[in-house]
Amino acid sequence: MTDISKTIQKWHASFKKGTDFDSWGQLVEAIDEYQILARRLQKEVQSSNSSDISEDQKKTLGKIATCLELRSAALQSTHSQDEFKLEDLKKLEPIIKNILTYKKDFPFDVQPVPLRKILAPGEEENLELEEEDDGGAGAGSPDSFPIRVPGALEGTLLPRLPSEPGMTLLTIKIEKIGLKDAGQCIDPYITVSVKDLNGIDLNPVQDTPVASRKEDTYIHFNVDVEIQKHLEKLPKGAAIFFEFKHYKPKKRFTSTKCFAFMEMDEIKSGPIVIELYKKPTDFKRKKLHLLTKKPLYLHLQQTLHKD
């Protein structure tokens, strides 16, 4: 079996895994699988050294990635109209399975995912470090920049878990973040994750929608994030991380600008203001460097729910 045949087999297995989760009602797992596969297909589309996949086939893979993102967005949306349904997505299975020989028209009127990198956590550490004063938005009007992946503007926030007797759930309202160049940040959003002492995920990672507004040195979000585990079930030393991300048009990828975190002893009802640290995100909390000496912070409001 050739390398490309093995790759296509992996894509198909991932697609089947995602649609199986979806049909079983395991929506968090389905969303994760769809987004992982969409990223893999996007990587193939952007690859310049893949002689086995033609440009037309890459375009088809890009459209499949769009449909995966649309289905992910539909699973996270409370609006049922115009959503991309599971039975629609399943029509793409023979296409992804037979991508090398598929000749028919694509069944849906969608555009390929824009050629724009959405980096996994930590990936941007390997790229050239961006300058803090690189001119912000860069040349050109915002309309000239590629749009974000479908569904990304709405974020990937999850609903609150069912309550359990004697157990505590945490809702964190992300109110605003203070940054000296707040007005220059394009498509800013925050990725929220819960990590153990070794930096391993304890919960599904969630992205907020893009910020609601910018004002002076603040970017306002005003969104509730539901932590996807009862507090009593989190191990000692766990922490909740907030990574502030924004789009860099010059480099055509979404970058982490800074991060903040909250440890277990800081979890209590009411407002909290936490410091911002320089990237790369240090999930193990070993080498922390403040982003700035200026009094700029991440502003949160915590609510505890106990049954």
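Let's start with a pair of helices: the axes of helix 2 and helix 3, which is residues 55-76, come within 9 Å and cross at roughly 155 degrees. Before going on, please keep in mind that this is a predicted model.

So how are helix 2 and helix 3 oriented, roughly parallel or roughly antiparallel? Angles over 145 degrees count as roughly antiparallel, and helix 2 and helix 3 are therefore roughly antiparallel to each other. Their crossing is left-handed.

Who does the touching here? On the helix 2 side we have Leu-27, Ala-30, Ile-31, Tyr-34, Gln-35, Leu-37, Ala-38, Leu-41, Glu-44 and Val-45. On the helix 3 side, the partners include Leu-61, Ile-64, Ala-65, Leu-68, Ser-72, Leu-75 and Gln-76. Sorted by class, this contact between helix 2 and helix 3 has 13 nonpolar, four polar and four charged residues.

Let me zoom in on one residue from that list. Ile-31 lies in helix 2. Which residues does Ile-31 touch, if we leave out those up to four places away in sequence? They are Ser-72, Leu-75 and Gln-76. Take Gln-76: in sequence, Ile-31 and Gln-76 are 45 residues apart, and in space their C-alpha atoms are 8.5 Å apart. Ile-31 is also buried, because its relative accessible area is 7% and the cut-off for buried is under 20%.

Now let's turn to the other neighbour of helix 2. Helix 1, residues 3-24, packs against helix 2, residues 27-46, at an angle of about 155 degrees, and the two axes are 8 Å apart. That makes helix 1 roughly antiparallel to helix 2. Here too, the crossing is left-handed.

Helix 1 brings Trp-11, Ser-14, Phe-15, Lys-17, Gly-18, Thr-19, Phe-21 and Asp-22 to this contact. From helix 2 come Leu-27, Glu-29, Ala-30, Glu-33, Tyr-34, Leu-37, Arg-40, Leu-41 and Glu-44. By class, the contact of helix 1 with helix 2 has eight nonpolar, three polar and six charged residues. If you look for Leu-37 on your screen, you can find it in the contact with helix 1 and also in the contact with helix 3.

Let's step back to the whole protein for a moment. It has five helices and eleven strands. Of its 307 residues, 48% are buried. And among contacts with a separation of 6 or more, 72% are between residues 24 or more positions apart.

Where is Thr-208? It sits in the loop between strand 4, residues 206-207, and strand 5, residues 213-215. At 0% relative accessibility, Thr-208 counts as buried. Leaving out residues up to four places away in sequence, Thr-208 touches Gly-155, Leu-157, Ile-174, Tyr-189, Ile-190, Phe-221, Val-223 and Val-225.

Next, the cysteines. A disulfide is a covalent bond between the sulfur atoms of two cysteines. How many disulfides are counted here? The count comes to zero. Let's see how that works for Cys-258. Its closest cysteine sulfur is in Cys-185, 8.4 Å away, which is too far for a bond, because the cut-off is within 2.5 Å. Cys-258 is buried, with a relative accessible area of 1%. Another cysteine, Cys-67, is buried as well, with a relative accessible area of 0%.

Finally, some backbone details. Most residues other than glycine have a negative phi, and most peptide bonds are trans. Let's look at some exceptions.

Asp-216 is not a glycine, yet it has a positive phi of about 55 degrees. You'll find Asp-216 in the loop between strand 5 and strand 6, residues 218-226. Is Asp-216 buried or exposed? At 72% relative accessibility, Asp-216 counts as exposed.

Asn-222 is not a glycine either, and its phi is positive too, about 50 degrees. This residue is in strand 6. Asn-222 counts as partly exposed, at 41% relative accessibility.

And what about the peptide bonds? A cis peptide bond joins Lys-279 and Pro-280, with omega at about 0 degrees. Pro-280 is in the loop between strand 10, residues 277-278, and strand 11, residues 297-306.

Notes
Residues numbered from 1 in each chain as written. Predicted model: local features only at pLDDT ≥ 70, side-chain atom pairs only at ≥ 80, totals over all residues. Heavy atoms only, no water. Axes fitted to C-alpha atoms, helices over the stretch in contact; angles between N-to-C directions. Helix = DSSP H or I, 4+ residues; strand = E, 2+ residues; numbered from the N terminus. Parallel < 35°, antiparallel > 145°, perpendicular 65-115°, else oblique. Left-handed = near helix turned anticlockwise from the far one by under 90°. Contact = heavy atoms within 4.5 Å. Nonpolar A, V, L, I, M, F, W, Y, C, P; charged D, E, K, R; others polar. Buried < 20%, exposed > 50% of the residue type's maximum accessible area, 1.4 Å probe, protein only.
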